[in-house]
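Here is a short briefing to read beside the model. Keep the sequence and the 3D view open as you go.

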Amino acid sequence: MLSRLSLSSSGRQVTKTPSRLLKHQEFHGSAATFAKKHPKQIKKENLAKRAAKVAEFERTKPSFIVSKPAPFFNTLHTPASAYAEQSTGFQHFLSKEDQQFLFEETPKKVVESSHMAAVDGMEEALKAEKQKVEALQKIVSLQNGNAKSVQIWNVHQAIDWFKQKEGDTGSPEVQAAVLTVRIHNLNSHLNQHRKDKHNYKQLRNMVHQRAKLLKYLKSKDADRYYKCLSGLGLEPRAVEGEITL
């Protein structure tokens, strides 16, 4: 039997129930414990959890243009910064070696190979050539270029920043960087002209093309892929997930 019989002080028999059974009965006797949630209540809670997850996903969704600042973008020019007085860029892909040859070495060679030094003296001849160099610098300066010249200069900066070797213009990193420059340029245009549907379609195509290049790079070399993402200021979700613009 589950209960025990014992004698009380008056001689009557008293039934005692073991403590383990009392605990068992107390646990199962609670109406709140046995109460089951209604299916509609369960569905409502699940929908609320799903909505919270979707809201958090949308809140943390990275930008498909640029997710975070990167040092690479500090080297680029906008038309406004290119036209500023402190701008030192030049058009026509003039590298530092080209600038040194054109603005420093060439005037000296011109003076040495001509009769100007014998007639006016070396110092006066170099001074005259220096004036010509200053005029040439103003002509090829980025300050006197148009928006297209600024974009070409930025493309050249992207190639220099992401090239894998000298003369590299076709690696996935370089192509993705060049596309990023074009995406930034087109995005700034669309921010001012929101009804430009044709260029908006071009922006979407370039974003998808860049994602395809980066996915290809990931399949070939994951280390280069993550290094390129960091350099471009992009997050993996902006490339690997669903792209919506």
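The points below cover helix contacts, cores, aromatic pairs, salt bridges and one glutamine.

This is a predicted model. The largest nonpolar core has 34 residues. A search of the whole structure finds five aromatic pairs. The structure also holds six salt bridges.

**Helices α10 and α11**

- Helix α10 spans residues 197-220 and helix α11 spans residues 222-232.
- Their axes come within 6 Å and cross at roughly 145°.
- On the α10 side, the contact is made by Leu214, Leu217, Lys218 and Lys220.
- On the α11 side, the contact uses Ala222, Arg224, Tyr225, Tyr226, Cys228 and Leu229.
- By class, the residues of this contact are seven nonpolar, three charged and no polar.
- Leu214 touches Tyr225, Cys228 and Leu229, and also Ala176, Leu234 and Val239, leaving aside residues up to four places away in sequence.

**Nonpolar cores**

- Which members of the largest core touch the most other members? They are Phe72, Leu203, Val207, Leu214, Leu232 and Val239.
- Five helices each supply at least two residues of this core: α8 (147-162), α9 (172-192), α10, α11 and α12 (237-240).
- Helix α9 gives the most, with nine residues.
- A second, separate core has five residues, among them Phe90, Phe103, Val133 and Val140.

**Aromatic pairs**

- A pair of aromatic rings is described by the distance of the centres and the angle of the planes.
- Phe72 and Phe73 form a tilted pair, 5.2 Å centre to centre, with 55° between the planes.
- Phe72 counts as buried because its relative accessibility is 1%, under the 20% limit.
- Phe73 is buried too, with a relative accessible area of 18%.
- Tyr225 and Tyr226 form an edge-to-face pair, 4.9 Å centre to centre, with 70° between the planes.
- Are Tyr225 and Tyr226 buried or partly exposed? Tyr225 is buried at 0% relative accessible area, whereas Tyr226 is partly exposed at 42%.
- Both tyrosines, Tyr225 and Tyr226, take part in the contact of α10 with α11.
- Ring pairs also link Phe72, Phe73, Trp161 and Phe162 into a cluster.

**Salt bridges**

- Arg59 forms a salt bridge with Glu56, and the closest N and O atoms are 2.7 Å apart.
- Both Arg59 and Glu56 lie in helix α3 (residues 39-59). They are three residues apart, about one turn of the helix.
- Arg59 counts as exposed because its relative accessibility is 61%, over the 50% limit.
- Glu56 counts as partly exposed, at 38% relative accessibility.
- Glu240 forms a salt bridge with Lys218, with the closest N and O atoms 2.9 Å apart.
- Glu240 lies in helix α12 and Lys218 in helix α10, so this pair ties together parts that are 22 residues apart in sequence.
- Both ends are partly exposed: Glu240 has a relative accessible area of 35%, and Lys218 is at 33% relative accessibility.
- Lys218 is also one of the α10 residues in the contact with α11.
- The side chains of Lys163 and Asp160 meet in a salt bridge of 3.9 Å, N to O.
- Lys163 is partly exposed, with a relative accessible area of 29%. Asp160 counts as partly exposed at 36%.
- What do salt bridges that share partners join into one network? They join Asp160, Lys163 and Glu166.

**Gln99**

- Gln99 sits in helix α5 (residues 96-113).
- Gln99 is partly exposed because its relative accessible area is 22%, between the 20% and 50% limits.
- Leaving aside residues up to four places away in sequence, Gln99 touches Phe90, Leu94 and Glu104.
- The C-alpha atoms of Gln99 and Gln137 are separated by 9.3 Å. Along the chain, these two residues are 38 residues apart.

Definitions and conventions:
Residues numbered from 1 in each chain as written. Predicted model: local features only at pLDDT ≥ 70, side-chain atom pairs only at ≥ 80, totals over all residues. Heavy atoms only, no water. Axes fitted to C-alpha atoms, helices over the stretch in contact; angles between N-to-C directions. Helix = DSSP H or I, 4+ residues; strand = E, 2+ residues; numbered from the N terminus. Contact = heavy atoms within 4.5 Å. Nonpolar A, V, L, I, M, F, W, Y, C, P; charged D, E, K, R; others polar. Core = buried A, V, L, I, M, F, W, Y, C linked by side-chain atoms within 4.5 Å. Buried < 20%, exposed > 50% of the residue type's maximum accessible area, 1.4 Å probe, protein only. Phe/Tyr/Trp six-rings, centres within 6.5 Å; stacked < 30°, edge-to-face > 60°. Salt bridge = Lys/Arg side-chain N within 4 Å of Asp/Glu carboxyl O.
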